[in-house]
Amino acid sequence: MSLLSGKKILLGVSGGIAAYKSPLIVRLFKSHGAEVRVVMTPSAKDFVTPLTLSTLSDYPVYSTFTEQLYENPIWNDHVAIGKWADLFLIAPATSNTLSSMVHSKCNNLLIATYLSCTCPVYIAPAMDLDMYAHPANQKNIKELDRVGNKVLPVGEGFLASGLNGKGRMLEPEEIIDYIIKNIKAGLPLKGKKVLITAGPTYEPIDPVRYIGNYSSGKMGFALAEEALQLGADVILISGPCALEASADIKRYSVISADEMYTLTMEHFSTVDIAIAAAAVADFKPRLVGKQKIKKEGGIQSIELDNTQDILAQMGKLKQKQFLVGFALETEDEKNNAIKKIKSKNLDAIVLNSLNDSGAGFSLDSNKVTYIQKNETIIPFELKSKSLVAKDIFSQILIQNA
Ligand code: CTP
């Protein structure tokens, strides 16, 4: 999943020749899973049509404070447009637009929206080389940067004037890369490594049969995606399940508890946070049939051995790592979960109760209680597993603050 996925992005287009590249910016944002709306200055319409941008963005494009709908003039509410956005990119930003932004000269809808919005603002300047180098523009760029905007560099090369030099707007791909890198650099888990175990394990009886459980892996995968969104390098060690993980997640697929144990131990010493969300089988058959066991003759019983407790072993080896376990309980839930914090040397545990309706293995929702090592108990409502993952990481970040 891209870091831009689900983000509400407002693109502001001002009137320079580079505006012809703005449809591509819209497409690229959308291909990253973002929702895009466009606001443009009246003069930008000389370079690219609102119809092109509204078709690509799936939203009406605004360029004036009011417009006529049948008999009725309507107001294009710059405040609502600005507040809608999670991120505002102004590309291209002309000399005139930069100057209006600095001096809050609210002479068009784009500037009014800029002055009203409270989200991060990225600015991609575009102008001819001498204009870009002019002290007046350099001063404006510095000032926009000083007040918290993120001003992108410009490209160098062939310019619409026929001159060659510095001033071109960055290419759409470069703009999107810049924004993603910039978002990543500010994320709370940037530079941290997170290990997550997920899904069930299957313990073989013979080549065609196994002991398993109903875990779908959804909770562990949601945690891995959330860790990625927070900027971490993510290692996901998952038992058999049909889920896909984002390409940026380092995913290892295993079958049995023994395999999950070996891989987890290989990586544990390198990580900063480990979360054991896997429903690891507690028992495995002592003897595994080399051939399929025939029903003729039957089997009366299967002798079982305990599997290795992966989480408990991480607890033993733990040094700098922040270690979180899960507890699936059916009775005396909180006390049992707190016992596991102590017995497995955890920093926190996420308690799932099978008594809560809507919570459980293969569902998309979950209801959890986060319990810190000091026994502070934080209950959460029933919600989707991806929102539960956000709650869990927000608690981890609070505990690590
Ligand atoms: N766990 C593990 N390895 C195992 C068993 C469990 O890593 N062999 C981890 C799970 O991923 C979970 C936590 O231990 O984070 C607790 O699992 P749970 O099944 O609730 O508890 P158990 O330790 O198995 O104890 P019990 O079955 O007695 O409740």
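Predicted model: local features only at pLDDT ≥ 70, side-chain atom pairs only at ≥ 80, totals over all residues.
Local features need pLDDT of at least 70, side-chain atom pairs count only at pLDDT 80 or more, and totals for chains, interfaces and linings use all residues. Residues are numbered from 1 along each chain as its sequence is written, and side-chain values use heavy atoms, with hydrogens and water left out.

The shell holds 15 residues, the closest being Ala276, Ala278, Phe326, Lys340 and Lys344. By class, eight are nonpolar, three polar and four charged; Gly counts as polar, and Asp, Glu, Lys and Arg as charged.

Next, show the elements around the ligand. S18 gives four residues, the largest share of the shell.

Now display polar contacts (pairs of N or O atoms within 3.5 Å). A backbone N or O atom of Ala276 is 2.7 Å from a ligand oxygen, and one of Phe326 is 2.8 Å from a ligand oxygen. At Ile310, a polar backbone atom lies 3.0 Å from a ligand nitrogen.

Move to the open sheet, ordered S2-S1-S5-S6-S7 with parallel pairing. Strands are DSSP E runs of at least two residues, and two of them pair if DSSP finds at least two bridges between them. Strand S2 (35-40) and strand S7 (150-151) are the edges; each has a single partner strand, so one side of each lacks a neighbour in the sheet.

Finally, select S1 (residues 8-13), which pairs with S2 in the parallel sense over six bridges. Leu10 has Arg37 in S2 as its bridge partner.

Terms used: Near = heavy atom within 4 Å. Polar contact = N/O pair within 3.5 Å; in protein donor to acceptor, adjacent residues only side chain to side chain.
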